[in-house]
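Here is a short report on one protein model. Look at the strands first, then at the whole chain.

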Amino acid sequence: MDQCLAAETALDVDGTLTITRGTLGMNGANNINTAGDVTINANGLYTKSTGTWTFDGTAAKTYTDVTATPQNLGTVVFNKTSGVAAQDKVTLAGSPTDMAA
């Protein structure tokens, strides 16, 4: 049985975040910050909150979503350091049909 981790407070991940199986759910207006790569595998899910997902840190990172239905991250902010070129802040990975707006 897949499990759900419901974050009751803000979540700050300074390394890589991988949702392999089950659901990561953010409650209320809680924010999530990630400085490393983010991967949501085929058996993983993300439930957004009314808060903000911020990609921060000091280097370019990759966001990969290989679920059958692309996950809605909600409000997303890219807050990389000034040393990261604009085109290198975050790379989106997945099939082109999954990444349609």
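In what order do the four strands of the open sheet lie, and is their pairing parallel or antiparallel? The order is β2-β4-β6-β8, and the pairing is parallel. Two of these strands form the edges: β2 and β8. Each edge strand pairs on one side only. From one strand to the next, the twist averages 15°. Keep in mind that this model is predicted.

What holds such a sheet together? Strands of a sheet pair through backbone hydrogen bonds, and the pairing is either parallel or antiparallel.

Strand β4 runs beside strand β6 in the parallel sense, and three bridges link them.

| β2 | residues 11-13 |

Step back to the whole protein. How many helices and strands does the protein have? There are zero helices and nine strands. Along the sequence, the pattern reads β-β-β-β-β-β-β-β-β.

Next comes burial. The protein has 101 residues, and 35% of them count as buried. Its accessible surface comes to about 5,800 Å². Carbon and sulfur atoms account for 53% of that surface.

Contacts complete the picture. Consider contacts between residues at least 6 apart in sequence: 34% of these join residues at least 24 apart.

Definitions and conventions:
Residues numbered from 1 in each chain as written. Predicted model: local features only at pLDDT ≥ 70, side-chain atom pairs only at ≥ 80, totals over all residues. Heavy atoms only, no water. Pairing = 2+ DSSP bridges. Helix = DSSP H or I, 4+ residues; strand = E, 2+ residues; numbered from the N terminus. Axes fitted to C-alpha atoms, helices over the stretch in contact; angles between N-to-C directions. Buried < 20%, exposed > 50% of the residue type's maximum accessible area, 1.4 Å probe, protein only. Contact = heavy atoms within 4.5 Å. Areas by Shrake-Rupley, 256 points an atom, 1.4 Å probe, with all protein chains shown as cover.
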